[in-house]
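Please report on the structure shown here. Cover model confidence, the salt bridges and one set of paired strands.

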Amino acid sequence: TRLAGPGLRRRGALASAPLIGSRDSQALLPVLAEAGHEVLEEPAALGHVAELVEGRARRREEHGVARTGGRGAAQPEKKVVDLKADVMYPIEFRDTSAVCLVGNVAFYHSGAVITCDSAVRYSEKHMECFGNVLINKNDTYVYGDRADYNGETHVANVYSDLVKVVDGDATLYTYKFLFNTKTNVGEFADGGVVTNRENQLESDRGYYYANDRTVICVDRVEIRSEEYDLTGDSVVYNLTTDHAYYFRHTNIWNTQGDYLYADRGSYDKGGELYTVTENGYILTEKQEVWSDSIDYYKLAGHAVLRGNIQIDDTEHKVLAFGDFGEYWKEPGNAFLTRRPAVVSYDTSQGDSLFMAADSMFLYTIDPARLRADSLRAAARAADSLRTDSLRVDSLAPAAGDSVQGVRPEAPIVAARRGSLSE
């Protein structure tokens with residue numbers, strides 16, 4: 001294998017260690033048997049890991065009953081790491097000995113399966129894996145070149161030029177990865193990139209929670225997606241719902257051309273809702289908005305503002321203030337309550353107008369839109385009159401009518417119109 005040979009040679013015992021079953025290593029067989037290992041006279045695969053675990057469990061149960069007899073319940077068993085390999089042989093390590101495993105190596109512990117090309121087992125709960133390392137727990141798969149597993153702490157440190165972690169449609173690439181097989185929590189450092197469908201997350205370090213598919217990115221965080229781009233100090237991101245919680249120094253640019261800043265908040269992709277709960281700021285092409293708390297509905301361009309509101313409409317030269325309000329990006333309307341005030345200013349004349357009230361509604365009048373609305377209203381009225389004229393002219397005189405054959409000089413429609421106008 002790529003790593004097993006050189007790695008073990010550095011320990012100085014690979015070339016000289018005898019195989020189990022040879023005459024020189026018979027003394028080690030009782031030790032391995034007492035630890036619960038199946039020792040073969042000839043190298044052979046021991047079958048699937050699950051079969052080994054089930055057989056071991058049955059033997060422990062039988063031995064436990066025999067040991068306790070009539071003294072009550074069985075003694076608690078030691079949770080050692082179950083393993084298998086094609087070849088196992090002893091090697092010297094410091095002042096004790098270890099076991100070297102080569103070929104189709106597999107470990108089972110805390111519900112996780114670890115496979116590799118070769119490994120060194122230093123104790124019942126401590127081993128080092130080399131070559132094509134794979135750690136699998138439920139739907140999480142961790143790939144690397146080398147791993148150090150401690151069964152006491154249930155922690156595997158995985159190393160590689162590029163460690164790969166796969167969970168469904170999400171993939172994490174990093175340089176150092178620590179995975180706890182008991183809590184299903186991973187930790188990465190020295191930079192990491194997470195791809196999830198069309199989304200991509202980057203950060204210097206972070207944590208991965210496999211049970212609820214949540215990634216916590218810390219330090220120099222960047223998110224790129226079809227809906228927005230984000231930079232900040234830290235982000236909590238759910239890979240299933242695409243729901244994001246962001247914290248200090250967060251900058252967001254959405255696809256509508258708006259910019260948001262916040263020191264705390266969240267983004268709900270399902271509702272296209274940005275929620276800012278600390279130091280909120282929105283910048284659009286024509287307006288700037290400040291508020292302690294902001295609920296911004298991206299698609300509607302509608303914001304609900306709470307606390308220390310300031311709105312600067314640079315197009316219409318208006319400043320608005322209040323402690324509660326709502327704002328509409330188009331056409332630029334705002335509703336303010338709780339000590340609202342408005343200042344209309346003209347920089348060319350150096351003049352301003354101040355207004356205050358219990359509540360205020362600021363709305364924009366667009367002359368072009370008003371003309372278009374009036375033209376549409378006139379067209380609808382003309383169509384209505386034309387329809388009424390056709391209905392009256394189509395009336396045929398009934399048989400025996402006293403005015404049959406008599407045609408007045410003025411049309412009936414005109415007479416009827418006159419009577420209506422009167």
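The report below starts with confidence, then turns to salt bridges and strands.

## Model and confidence

This is a predicted model, in which local features need pLDDT of at least 70 and side-chain atom pairs count only at pLDDT 80 or more, while totals for chains, interfaces and linings use all residues. Residues are numbered from 1 along each chain as its sequence is written, and side-chain values use heavy atoms, with hydrogens and water left out.

The protein chain has an average pLDDT (the predictor's confidence in each residue, from 0 to 100) of 76. A score of at least 70 is reached by 71% of the residues. Confidence is lowest in helix α1, residues 4–9, with a mean of 34. It is highest in strand β11, residues 205–209, at 95. Helices (H or I, at least four residues) and strands (E, at least two) are DSSP runs, numbered from the N terminus.

Two stretches call for care in reading. Over residues 65–78, pLDDT stays under 50. The model has 7 contacts (heavy atoms within 4.5 Å) beyond four places in sequence for this stretch. Residues 406–422 also stay under 50, with 7 contacts beyond four places in sequence.

## Salt bridges

The structure holds 21 salt bridges. A salt bridge here is a side-chain nitrogen of Lys or Arg within 4 Å of a carboxyl oxygen of Asp or Glu.

Lys-269 and Glu-198 meet through their side chains in one of them, at 3.0 Å from N to O. This pair links distant parts of the chain, 71 residues apart. Lys-269 sits in the loop between β17 (264–268) and β18 (273–278). Glu-198 sits in the loop between β9 (185–196) and β10 (199–203). Glu-198 is partly exposed, with a relative accessible area of 30%. For these terms, buried means under 20% relative accessible area, exposed over 50%, and partly exposed in between (1.4 Å probe, protein chains only). Both residues belong to a network of salt bridges that also links Asp-167, Asp-169, Arg-197, Arg-213, Glu-227 and Asp-242.

## Two further pairs

Arg-248 bridges to Glu-278, with the closest N and O atoms 3.1 Å apart. The two residues lie 30 residues apart and link distant parts of the chain. Arg-248 is in the loop between β14 (244–246) and β15 (250–254), and Glu-278 is in strand β18. Arg-248 is partly exposed at 41% relative accessibility. Glu-278 is partly exposed too, at 25%.

Arg-306 pairs with Asp-295, the closest N and O atoms being 3.0 Å apart. Arg-306 is partly exposed, at 35% relative accessible area, whereas Asp-295 is buried, at 14%.

Strand β4 covers residues 112–123. Of its 12 residues, 9 are buried, so the strand is largely enclosed by the rest of the structure.

On one side of the sequence, β4 pairs with strand β3 (residues 96–109) in the antiparallel sense, over 9 bridges. Two strands pair if DSSP finds at least two bridges between them. Val-102 stands opposite Ser-118 in β4. The two strands form a hairpin with 2 residues between them. Ser-110, in the turn, has a positive phi of about 55°.

Strand β5 (residues 126–137) also runs antiparallel to β4, joined by 8 bridges. Thr-115 has Leu-134 in β5 as its bridge partner.
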